[in-house]
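Here is a short briefing to read alongside the structure.

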Amino acid sequence: RMASRRPDAGDRARRPGSTVRVSVVLRCRPLNANERAEKVPEVITVDEHARTMAVARGGAGTSTTNGGKRETSESKEFAFDDVFGTQSTQERVYDSAVRPMVKDVLEGMNCTVFAYGQTGTGKTHTMSGAHDAECDVLSSEAGVIPRAMSHIFEHLKSKELEHSVKVTYLELYNEKITDLLGASTDGTNATEHALMEDGKNGVVVKGLEEVYVGSTEEAFAVLNRGNALRKTEATDINAHSSRSHSVFSVTVHWTDVSPDGEEFVRTGKLNLVDLAGSENISRSGAKDKRAKEAGAINTSLVALGRVITALVDKSVHIPYRDSKLTRLLRDALGGKSRTCIIATVSPASHSVEETLSTLEYAHRAKNIKNSPVVNGKKSKSDFLNEMQRCIEHLQADLLATREKNGVYMSKA
């Protein structure tokens with residue numbers, strides 16, 4: 001018999017009607033080579049033990065304290081759930097901020113982790129880092145996504161659970177959603193995908209390719225395939241600036257056994273979001289197409305800021321529909337998902353205004369409360385019947401396409 005898990009695992013602090021605050025952590029990157037060569041002053045002070053990050057400012061004067069922020073005219077200090085200084089490792093960031101989220105996914109919950117910050121502050125490094133599609137051994141520079149995939153497969157293997165793992169990878173570029181796994185290797189046949197309501201107060205992206213992966217190596221290969229198609233360009237601030245938001249989603253199904261011996265299927269989902277960086281166009285040197293991209297990025301991030309403000313202020317209307325980004329993150333912000341925000345900042349003096357903006361944004365987000373729930377269980381027979389119907393639908397769709405008779409539409 002397969003190993004069984006406690007039926008009520010993961011139930012802590014998640015009773016019906018309970019709320020859980022969004023977790024917010026801060027990471028400060030080190031000065032880059034150009035900044036060191038130019039001897040740019042550092043304005044960030046990190047106290048990992050106290051979990052605070054302070055931004056230096058000129059002058060002297062009195063001190064005030066406000067909701068976890070301590071201010072003087074010389075500095076402004078913020079407290080968060082955790083902070084990571086310039087020497088923090090990828091492993092420490094994962095173990096502290098993300099590992100608990102993945103554990104919750106493996107207990108049947110939906111969780112979201114997303115990185116936010118100014119362009120060039122290390123969001124993509126934090127989320128993806130370095131990983132090798134040919135090897136299941138993580139390098140020290142592996143980011144959140146490869147570490148999460150390794151964590152998931154290690155757990156499933158150790159528990160000897162019958163399971164399936166599928167992934168999707170989408171890109172949101174200039175308010176258009178494309179499939180990073182459904183396009184050709186050069187991205188030439190990428191088509192826009194519709195964002196639709198799912199009837200459960202959430203959204204679904206229609207037509208994304210779902211790729212089943214059976215090992216860490218397969219997951220890394222799929223991740224590399226998608227990353228190769230992400231839109232990046234050089235700017236004056238960042239030589240490899242992401243020009244789009246991306247969402248890498250992992251859905252895990254596994255068979256469990258109840259105390260009376262009945263087999264059932266449980267489900268957990270993890271959304272890993274790498275947001276494009278907010279950008280000061282005058283500093284980044286963006287022109288023409290790059291300026292248009294930056295404008296679209298900033299507009300969607302402003303919409304995200306409005307949603308956060310509305311949630312914190314407990315407004316009657318939450319403006320999720322103002323952008324596709326906020327619609328995609330609806331469940332993560334004020335919904336039924338557990339959420340961790342990793343905010344990234346630069347220590348350089350020339351970025352102090354953007355750094356303060358990020359810290360203020362992240363500090364507000366600490367006050368968002370979600371209502372996470374454990375996903376319902378399905379009997380194994382019901383789950384297999386559902387999968388069989390899905391296979392029949394796909395086979396009919398494929399046949400219709402081959403015969404050029406259009407696309408199969410279910411009678412349901």
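Helix 2 (residues 90-105) and helix 4 (residues 144-159) are oblique to each other in this predicted model. They pack at an angle of about 50 degrees, and their axes lie 10 Å apart. Helix 4 also packs against helix 5 (residues 216-227), with an angle of about 155 degrees.

**Helix packing**

- The crossing of helix 2 over helix 4 is right-handed.
- On the helix 2 side, the contact is made by Q90, E91, Y94, V98, R99, V102 and K103, while helix 4 contributes V144, R147, A148, H151 and I152.
- What is the orientation of helix 4 and helix 5 to each other? The angle of about 155 degrees is over the cut-off of 145, so helix 4 and helix 5 count as roughly antiparallel.
- The axes of helix 4 and helix 5 are 9 Å apart, and helix 4 passes helix 5 in a right-handed crossing.
- To find this second contact, look for I145, P146, M149, S150 and F153 in helix 4, which meet T216, A219, F220 and L223 in helix 5.

**The protein as a whole**

- The secondary structure comes to ten helices and 21 strands.
- The protein has 412 residues, and 49% of them count as buried.
- Among contacts with a separation of 6 or more, 69% are between residues 24 or more positions apart.

**Nonpolar cores**

- As a general background, nonpolar side chains in soluble globular proteins tend to be buried together.
- The largest nonpolar core holds 45 residues, of which L26, F114 and L304 touch the most other members.
- Strand 2 (23-28), strand 4 (52-56), strand 9, strand 10 (163-173), helix 7 (289-312), strand 19 (338-345) and helix 9 each give two or more residues to this core.
- Which element provides the largest share of this core? Helix 7 does, with seven residues.
- L304 is in contact with L275, L325, T326, L329, L333 and Y361, leaving aside its neighbours within four places in sequence.
- Another core, of 43 residues, lies apart from the largest one, and its members include M101, C111, A148 and F248.

**Aromatic pairs**

- A pair of aromatic rings is described by the distance of the centres and the angle of the planes.
- The count comes to three aromatic pairs.
- One of them joins F78 and F80, with ring centres 6.3 Å apart and planes at 20 degrees, so this pair is stacked.
- Both F78 and F80 are buried.
- Y116 and Y361 also form a stacked pair, at 3.8 Å centre to centre and with 25 degrees between the planes.
- Why does the pair of Y116 and Y361 tie together parts that are 245 residues apart in sequence? Y116 lies in strand 9 (residues 110-117), whereas Y361 lies in helix 9 (residues 352-365).
- Y116 is buried, at a relative accessible area of 7%, and Y361 is buried too, at 3%.

**Single residues to look up**

- T251 sits in strand 17 (residues 245-257) and counts as buried, with 13% relative accessibility.
- Not counting residues up to four places away in sequence, T251 touches S164, V165, K166, T267, G268 and K269.
- G120 is in the loop between strand 9 and helix 3 (123-127), and its relative accessible area of 23% makes G120 partly exposed.
- The C-alpha atoms of G120 and T344 are separated by 9.1 Å, although these residues are 224 places apart along the chain.

**Backbone angles worth a check**

- Most residues other than glycine have a negative phi.
- E175, which is not a glycine, has a positive phi of about 65 degrees.
- You will find E175 in the loop between strand 10 and strand 11 (176-179), where E175 is partly exposed, with a relative accessible area of 31%.
- K314 is not a glycine either, and has a positive phi of about 55 degrees.
- Is K314 buried or exposed? K314 lies in the loop between helix 7 and helix 8 (324-328), and counts as exposed at 69% relative accessibility.

Definitions and conventions: Residues numbered from 1 in each chain as written. Predicted model: local features only at pLDDT ≥ 70, side-chain atom pairs only at ≥ 80, totals over all residues. Heavy atoms only, no water. Phe/Tyr/Trp six-rings, centres within 6.5 Å; stacked < 30°, edge-to-face > 60°. Buried < 20%, exposed > 50% of the residue type's maximum accessible area, 1.4 Å probe, protein only. Helix = DSSP H or I, 4+ residues; strand = E, 2+ residues; numbered from the N terminus. Core = buried A, V, L, I, M, F, W, Y, C linked by side-chain atoms within 4.5 Å. Contact = heavy atoms within 4.5 Å. Axes fitted to C-alpha atoms, helices over the stretch in contact; angles between N-to-C directions. Parallel < 35°, antiparallel > 145°, perpendicular 65-115°, else oblique. Left-handed = near helix turned anticlockwise from the far one by under 90°.
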